[in-house]
Amino acid sequence: MKAIYLAWLELRRFRGPWRRFAPAVLILIPLLYGALLLWSNWDPYGRMSEMPVAVVNSDRPADHNGEQVNAGEQFVQQLRTTDTFQWHFVDPKTARSGLEQGRYYFTIQVPQDFSTRLANSTRSAPQRPAVLLTRNDANGHLAGIMADTARYELQNQINAAAYAAYARGLYGDLGEVRGKLGTASEISEQLVQGTQLNKQSTGALARGLTGVRDGTGRVSGGVRDIAGASAQLDQRLSSITEFTGRRLPATTEALLDTSGATVRDLNAVTGGTAAAQRQAERSAGTLAQLANRHPELRGDPLYRSALADARRLAATTTSVHDAAADALGSAADTQDRALALRDELEPLQQDVSDIDEPATRLRLSSAELTGGVGGLTHGVNTLVANIGVAQTSSGQLNDGARRLADQVRDSLDRMPPAGPTEVARASSELGTPSVVRATTLNSADVYGRGVAPLFFAIALWVFGLFAYLLFTPLNQRALGGRTNPLSVAIGGWLPAAALGVIGGLVLLGAMDLALGLDPVDLPAAVGLTALGAAAFTAINHALRAAFGAVGGLVSLALLLVQITASGGLYPLETAPAPIQAVHSALPMSYLVDGLRVAFTGGEQQHLIWDAIVLGGVLVGFLLITSLVVLRHRTWTIGRLHPQIEL
C-alpha cells in the first residue's frame, strides 16, 4: 500500500493546465515511435511498383530454321504485364541520364544479340545470352538491395523468354527430325513387308527343296535299282550270248546227231519188231491150226499154255512194234525240231547280239546316271541346308526389321508434333517449365508484421528511457525516511510502468486497427506487451536510480546493443560472434521472440519461457533498485553535487 501511495504522490506532481498532459504525451511515445517505424516499413516490397525503372530493348530479331526469334520483344511484353516496378521503356541515352540524375533507381538493357544467342543455343558452340542490370547506389543502397531481391523475378521473366525462344528453335529442329522419322517409319514398314515376303518365299523354297530332296532320294534309289538291274541284265545277256553263241549250237548239233542215230536205230528196231510181230502171229496161227488138226491137243494143258504164250507174245510184239513206231515218230519229230532249231539258231544269235549292245550301253548309262544322281542328291542336300540357314536369316532379318519399325514408330509417337499450334503451345509452356510452390509455417505475410516485434520492443524501451525524464526515480521523502526499500523502489517504478503498459496496449490496438497487425494469439500479445513494458521500465528505473543522468546514457547504449543482438531483423547467425555471445543475456531478445510467437504463431514453449525470463528481469531489477535505495540512504558529496544532471 505504501508503494501505491508513493506512486500516487508522483502522479499528483503533474497538476496544472499543461502539466497534466505530460503523462498523456508519455503514453503516446510508444505509439509515435512504433507506429511511425511500422507504418513506414509495413510493406516496402508491396510498393515497389512505385519505383521507376528504365527498360531499354536493343535486341534485333534473329532467324532460326525459318522461325523468327524475337526474345527481346517477348521479354518486354512480359514486363508490361507485371507491376513489379514502375517500368519506363526508353532509349539507352534517356536511361543512362535518368539513372545518373536519380529519376530511375536502376536500368535493364537487352543487348542487340540477345535473340541471336538464343537462336544459336542449339548449335555446337552456344553462347549464353545476358541482360544487363545497372544500378546507382547514389540513389539509395536499399533500392539496389530491393532490385537484387526482385532480380529473381526478372530472371524468371528472362528465362521465360529464353525458354520460349529455345522451344521455337528446338521445335524447328524437331519438325525436321520428325519428318525424317516419318520417312524412316515408312521405309521400315516397307522393309518389314519385304522381309516378310522374303521369309515366306524362303520358307516355301525350303519346303519345295525338301520335297525335291526327298524326290531325288527316291530317284537316286530308283536309279541305283535300275543300275543294279541293268548290271544283272547285262550279266544275264552275257550268259545268254555265251549260251547261244557256243553252247546252244554245240548242243543242237549233238541233238541232231543223236536224233539221227536214234531214228536210224529205231528204224532198225521197227523192222525187227515188225518181223517179230509177224513171226509171233504166224506161230499163234500155226498152233491154232495144229489144234484144228489135232483136236485132242485142245485139252492138253501144255498145248493150251503154249497157245496162250504164243498169243501173248503176238500181243506183246504188237505193242512193242507200236511203241517202236511211236518212238520212231518222236525221234523223227525231234530230229525235225533239231533241224528247225539249227535253222533258227543264227537269227537267235543275231537277236541276242542286238540285245546285248543296248544292254551294255544301258549298264554304262545307268552307272553314269547313278553318279549324276548322287551328285544331284548331294547338291540338293547342300542347297536344303543352305536354304535352312537362309530361312533362319530371313526370319532374323524380318524380326530385326519389325523391331526397327517398332523403334522408329515409338520414337515418332514420342516426338512431339511440330506444327505452328504445337510450337506456340510448347513455347508458352516451356517458358515457365516449373513452378515453385512455397509453404510458410506461421507466415508473417508482410515485412511489417515480421519486424513488428523488434519495433514494439524498441518503442517500449524508448518509453522507459523517456519516462524518467519526467518522473523522479525515487521519492526523496521516502528515501530519507524509514519506508521499506522495496516499497520505495516499487513506488518509483509503478507510475511509469502503468503508463508504459497503457502506451504499449495503445500501440498494439492502433497497429491492429490501422495496419492489420492481427496477432494470432491476442491474449498472449497483450500480456507480453504489458510484461515487456513493465520489465523495460524497471530496467530504466534501476539505471536512472543508480546512475542518474548517466543511467540514461547507459540505457541508450544498451538499446543500441539490443537492436543488433536481439535477432529482430536478421538471423542471429549472420551477426558477429560478440553480438551472438550477448544475445541470450539481453531482455529485448526474449520480448522479440515472445511477440513473434504471439503475432505470427510458433512454439508455445518459447512464449512461456520468454514470459518467465521477462518476469524474472522485472523482479530482479526491482530488487536491484531496492539495493540502490539502501545505498542512496547514505548521502555523499557526489550525490549532493552531481557532475552530470538533467
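## Sheet, helix and annotated spans in a predicted model

Four strands build an open sheet, arranged in the order β4-β1-β5-β6, with mixed pairing. At the edges stand β4 (86–89) and β6 (132–135); each has a single partner strand, so one side of each is left without a neighbour in the sheet. From one strand to the next, the twist averages 25 degrees. Strand β1 (residues 52–57) runs parallel to β4, and four bridges join the two. Within this pairing, Val53 has Trp87 in β4 as its bridge partner.

The model is predicted. Its chain contains 17 helices and six strands. Of the 646 residues in the chain, 37% are buried. Among contacts with a separation of 6 or more, 84% are between residues 24 or more positions apart. The chain exposes about 36,200 Å², of which carbon and sulfur atoms supply 59%.

Helix α3 (residues 71–80) has Ala71, Gly72, Phe75, Val76 and Leu79 as its buried residues. Viewed down the axis of α3, these buried residues fall within an arc of 140 degrees, so they line one face of the helix.

An unreviewed UniProt entry carries the annotation "transmembrane region" for residues 21–42, 451–474, 486–510, 522–539, 546–565 and 607–630.

| Span | Helix content | Strand content | Distance between end C-alpha atoms |
|---|---|---|---|
| residues 451–474 | 83% helix | 0% strand | 35 Å |
| residues 607–630 | 100% helix | 0% strand | 35 Å |

Terms used
Residues numbered from 1 in each chain as written. Predicted model: local features only at pLDDT ≥ 70, side-chain atom pairs only at ≥ 80, totals over all residues. Heavy atoms only, no water. Buried < 20%, exposed > 50% of the residue type's maximum accessible area, 1.4 Å probe, protein only. Arc of directions from axis to C-beta. Contact = heavy atoms within 4.5 Å. Areas by Shrake-Rupley, 256 points an atom, 1.4 Å probe, with all protein chains shown as cover. UniProt positions renumbered as here; feature names shortened; annotations may be inferred. Pairing = 2+ DSSP bridges. Axes fitted to C-alpha atoms, helices over the stretch in contact; angles between N-to-C directions.
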